[in-house]
Amino acid sequence: MNLVPPLTKGGLGGVPIHIQHLAFTPEHRQQLNANIATYLSDYRESTWGEALSTRLEAISQSLHLDSIRAKLPETIQKLILVPHCDLHLIPLHALSLEGKLLQDCYPNGVQYVPSCQFLERLQQRQRHSPNKPPFFAIQNPTEDLAYTDLEVEAISCGFNPDTHLLKRREATKMAFNSPATQAKLRLAYYAHFSCHGSFNFSYPLNSALILAEATATPSPPPEATPEGEKRYVTIRDGRRFDTTIQGLTLREIFANLDLPVCRLITLSACETGLVDTASTDEYIGLASGFLYAGATNVVSSLWSVSDLSTAFLMIYFYRELAEKPSVSVPVALKTAQNWLRTVAKKDLLEWIGKNKLTLNSIQQIYLDKHLYNKEDNYQPFVSPFYWAAFCAIGR
């Protein structure tokens with residue numbers, strides 16, 4: 001395992017980077033591989049979230065994080081991670097170390113990058129925040145996410161009037177690809193996709209964000225061939241979507257999107273941070289597509305997330321960005337995650353009222369069910385399942 005200290009000014013522009021080698025014995029590597037394999041196999045089970053804390057603790061121990069951190073200078077303010085192979089699929093920022101989270105060991109948080117070469121490219125991008133940053137969002141295109149409308153409406157109100165929303169059934173592939181929408185997206189400082197997502201491990205470039213169903217007559221189903229199957233993605237509940245009709249695919253992001261002023265893409269959807277780990281020298285995932293298109297930061301998820309907790313997390317996250325213009329994306333995300341995992345029932349309900357979040361009947365039923373018969377000091381989202389999925393990727 002190679003350790004690279006955080007980059008100083010010019011650290012990738014000619015100043016030598018000092019690499020420290022931390023030896024892993026074959027036994028250590030075997031144990032780490034076994035723990036990662038168990039973590040990944042659990043994901044196929046409906047009860048995987050219940051074992052998540054235990055699995056992450058096992059990975060933390062087998063990575064020997066204490067030994068790694070001991071070799072790093074104590075002056076480090078931000079940790080930049082370039083994961084290798086299956087480590088791309090692990091929320092490393094949420095691993096425990098000396099009784100606290102890894103991301104809490106660093107004042108400026110933990111950030112991920114696809115590669116050192118990509119980091120150098122990102123550091124060359126300048127994004128100057130306007131007084132009223134333009135905001136673009138895709139909002140609940142499949143109309144089945146109970147808290148997504150609350151999430152986007154609460155976030156977007158902070159950017160009025162410079163917002164452009166594609167809501168519910170309006171968020172079709174045709175509408176997204178229209179010249180008017182693409183012009184708005186090119187001007188967006190923040191772009192927020194609150195929808196379903198799916199990573200296609202068989203055909204990574206067909207991984208997609210799910211858009212609204214087209215009103216036009218759909219094309220006939222493809223023949224039962226591998227080429228035909230590439231059109232489809234399957235989400236956690238088993239539903240299949242034809243990406244030629246309803247999907248913004250990674251291939252299309254690479255080929256078509258242009259984000260010249262975008263500071264942040266937020267993928268408030270399931271599995272948007274997963275990558276193809278079959279190759280050791282390529283990083284293929286939705287996040288890399290948006291970075292390639294011009295964004296300097298992407299927040300994405302490593303698993304199928306809770307609609308309820310994600311809405312609260314995202315609202316808090318954007319309030320941090322709006323109220324503290326100089327705050328970095330990883331710090332704002334870390335602050336929101338720490339709030340969500342520690343907030344008590346009483347404080348959560350007070351926060352909902354203070355922020356004037358008006359819940360409709362369905363949203364209220366879901367929340368009441370989650371909090372039913374719990375004490376005021378109960379922490380409903382303490383499990384990493386609710387907050388750890390989201391990673392800050394970029395510079």
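Predicted model: local features only at pLDDT ≥ 70, side-chain atom pairs only at ≥ 80, totals over all residues.

Me: Which helix does Arg 69 lie in?

Reply: Arg 69 belongs to helix α3, residues 65-70.

Me: And what does Arg 69 form a salt bridge with?

Reply: With Glu 98; the closest N and O atoms are 3.5 Å apart. The pair links distant parts of the chain, since Glu 98 is in the loop between β4 (96-97) and β5 (100-101) and Arg 69 is in helix α3, 29 residues apart.

Me: Glu 98, exposed or buried?

Reply: Exposed, because its relative accessibility is 59%.

Me: Which ring does the charged end of Arg 69 sit over?

Reply: The ring of Tyr 106, with the charged end 5.2 Å from the ring centre. There's another contact of this kind at Arg 121, whose charged end sits over the ring of Phe 118, 4.8 Å from its centre.

Me: Back to salt bridges. How many does the structure hold?

Reply: Twelve. One of the other pairs is Arg 341 with Asp 104, at 3.2 Å from N to O. Arg 341 lies in helix α13 (residues 329-342) and Asp 104 in the loop between β5 and β6 (110-112), so this pair ties together parts that are 237 residues apart in sequence.

Me: How accessible is Asp 104?

Reply: Asp 104 is at 25% relative accessibility, so it's partly exposed.

Me: What about Asp 144, which side chain does it meet?

Reply: Asp 144 meets Arg 239 in a salt bridge, 2.7 Å from N to O. These two also link distant parts of the chain: Asp 144 is in the loop between β7 and α5 (148-156), and Arg 239 is in the loop between β12 (232-234) and β13 (240-242), 95 residues apart. Asp 144 is partly exposed, with a relative accessible area of 33%, and Arg 239 is partly exposed at 33% relative accessibility.

Me: Which residues do salt bridges that share partners join into one network?

Reply: Glu 143, Asp 149, Arg 168 and Arg 169.

Me: OK, changing topic. How many aromatic pairs are there?

Reply: The structure holds 24 aromatic pairs. Among them, Tyr 316 and Trp 351 make a tilted pair, 6.2 Å centre to centre with 35° between the planes.

Me: Which helices do Tyr 316 and Trp 351 lie in?

Reply: Tyr 316 is in helix α12 (residues 307-323) and Trp 351 is in helix α14 (residues 345-354), so the pair ties together parts that are 35 residues apart in sequence. Tyr 316 and Trp 351 are both buried.

Me: What kind of pair do Phe 317 and Tyr 318 form?

Reply: Edge-to-face: Phe 317 and Tyr 318 are 5.3 Å centre to centre, with 70° between the planes. Both of those residues are buried as well.

Me: What do ring pairs link into a cluster?

Reply: Tyr 43, Trp 48, Tyr 147, Trp 303, Phe 312, Tyr 316, Trp 339, Trp 351, Phe 381, Phe 385 and Tyr 386.

Me: Now the strands. How many residues of β9 are buried?

Reply: Five of the five residues of β9 (residues 190-194), so the strand is largely enclosed by the rest of the structure. Tyr 190, His 192 and Ser 194 are on one side, Ala 191 and Phe 193 are on the other, and both faces are covered.

Me: What does β9 pair with?

Reply: Strand β7 (residues 135-139) pairs with β9 in the parallel sense over five bridges, with Gln 139 opposite Ser 194. Strand β15 (residues 264-268) also pairs with β9 in the parallel sense over five bridges, and there Tyr 190 stands opposite Leu 264.

Me: Last one, the surface. Which residues form a nonpolar patch?

Reply: Ile 362, Ile 365 and Tyr 366, with about 320 Å² of accessible area together. Tyr 366 lies in helix α15 (residues 361-371) and counts as partly exposed because its relative accessibility is 45%.

How values were computed. Residues numbered from 1 in each chain as written. Heavy atoms only, no water. Patch = residues over 30% accessible without salt bridge, like charges linked within 9 Å, V, L, I, M, F, W, Y side chains within 5 Å. Areas by Shrake-Rupley, 256 points an atom, 1.4 Å probe, with all protein chains shown as cover. Salt bridge = Lys/Arg side-chain N within 4 Å of Asp/Glu carboxyl O. Helix = DSSP H or I, 4+ residues; strand = E, 2+ residues; numbered from the N terminus. Buried < 20%, exposed > 50% of the residue type's maximum accessible area, 1.4 Å probe, protein only. Phe/Tyr/Trp six-rings, centres within 6.5 Å; stacked < 30°, edge-to-face > 60°. Lys NZ or Arg CZ within 6 Å of the ring centre and 35° of its normal. Pairing = 2+ DSSP bridges.
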